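Here are my notes on this model, point by point. Please read them with the structure open.

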Amino acid sequence: MDFWFDFSSPYAYLASEQLDALAAAHGRVVRWRPYLLGVVYRQLQSRPVTELPLKGEYFHHDVARSARFLGLPFRPPQPFPVATQQAARAYYLLEAKDEALARRYAHGVFRGYFLEGRNIAEETTVCAIAAEAGADADVLRAALAGDLPRSLLREACEAALQAGVFGSPYVIIDGEPFWGADRLPQIARWLESGGF
């Protein structure tokens with residue numbers, strides 16, 4: 001199962017709090033794949049939903065309602081949205097060394113932004129969250145200055161486009177795509193039945 005997401009997506013945050021347990025209940029493993037929604041928007045000549053009349057207002061209302069429905073804590077962050085290049089680059093650097101650490105870090109980024117209002121666009125914040133997850137912040141900061149993290153994220157964005165990913169969250173199970181946190185019940189049924 002591939003879980004494609006942008007760290008600034010509140011719907012991805014909602015999915016991130018449930019997806020691993022859902023997969024594990026069916027003997028599956030989730031591969032977390034952060035990417036940049038901005039890359040997709042450029043490809044589709046689109047804009048973030050928050051910039052669209054009517055849809056933007058609904059979006060904010062729906063995210064808060066969805067969090068309440070799922071029983072998940074949520075605080076609308078400010079500013080919103082933010083650039084997530086640093087957060088995603090750090091994820092791939094951490095994942096290359098320790099996947100469990102990268103997963104803890106990813107949860108920390110989501111919770112830091114959507115619960116604590118931390119600015120995940122800032123390298124200092126990203127490194128602090130990584131340190132809280134168990135990483136060496138100084139080593140990560142030095143690595144973020146190199147070319148490797150840019151290359152890893154570029155490859156991830158290209159892979160997302162090749163896979164047909166256009167939103168966040170976007171889950172692909174054995175080639176079957178599911179877009180949105182509201183698709184989790186369908187994902188559960190798919191995993192239970194082997195497809196429908």
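1. Start with one pairing. Trp-4 stands opposite Arg-33 in S2. Strands here are DSSP E runs of at least two residues, helices are H or I runs of at least four, and both are numbered from the N terminus. Two strands pair if DSSP finds at least two bridges between them.

2. A word on the basis. This is a predicted model, in which local features need pLDDT of at least 70, side-chain atom pairs count only at pLDDT 80 or more, and totals for chains, interfaces and linings use all residues. Residues are numbered from 1 along each chain as its sequence is written, and side-chain values use heavy atoms, with hydrogens and water left out.

3. Strand S1 (residues 2-5) pairs with S2 in the parallel sense, over 4 bridges. Asp-2 has Arg-31 as its bridge partner in S2. S1 and strand S3 (residues 170-173) run antiparallel and are joined by 3 bridges. In S3, Ile-172 stands opposite Asp-2.

4. Now the whole sheet. It is open, has 4 strands in the order S2-S1-S3-S4, and its pairing is mixed. Strand S2 (31-34) and strand S4 (176-179) stand at the edges with a single partner strand each, so one side of each has no neighbour in the sheet. On average, neighbouring strands are turned by 20° against each other, direction ignored.

5. Which way do the S1 side chains point? Asp-2 and Trp-4 point one way, Phe-3 and Phe-5 the other, and all are buried. Buried means under 20% relative accessible area, exposed means over 50%, and partly exposed lies in between (1.4 Å probe, protein chains only). In a regular strand, side chains alternate between the two faces of the sheet.

6. Look at Phe-3 in strand S1. Its relative accessible area is 0%. Not counting residues up to four places away in sequence, Phe-3 touches a list of residues including Ala-12, Leu-19, Val-30, Trp-32, Pro-169 and Val-171. Contact means heavy atoms within 4.5 Å. Phe-3 and Asp-147 are 144 residues apart in sequence and 25 Å apart in space, C-alpha to C-alpha.

7. Ser-66 is found in helix H4 (residues 55-70). Is Ser-66 buried or exposed? Ser-66 is buried, at a relative accessible area of 17%. Leaving aside neighbours within four places in sequence, Ser-66 is in contact with Tyr-11 and Leu-14.

8. Helix H5 (residues 85-97) packs on helix H6 (residues 99-114) at about 160°, with the axes 6 Å apart. Axes are lines fitted to C-alpha atoms, for helices over the stretch in contact, and angles run from 0 to 180 degrees between N-to-C directions. H5 and H6 are therefore roughly antiparallel. Angles over 145 degrees count as roughly antiparallel, under 35 as roughly parallel, 65 to 115 as roughly perpendicular and the rest as oblique. The contact includes Ala-90, Tyr-91 and Leu-94 of H5 and Ala-102, Tyr-105 and Val-109 of H6.

9. Helix H7 (residues 123-133) and helix H8 (residues 137-144) pack at about 140°, their axes 9 Å apart. That makes H7 oblique to H8. Glu-123, Cys-127, Ala-130 and Ala-131 in H7 meet Ala-137, Leu-140, Arg-141 and Leu-144 in H8.
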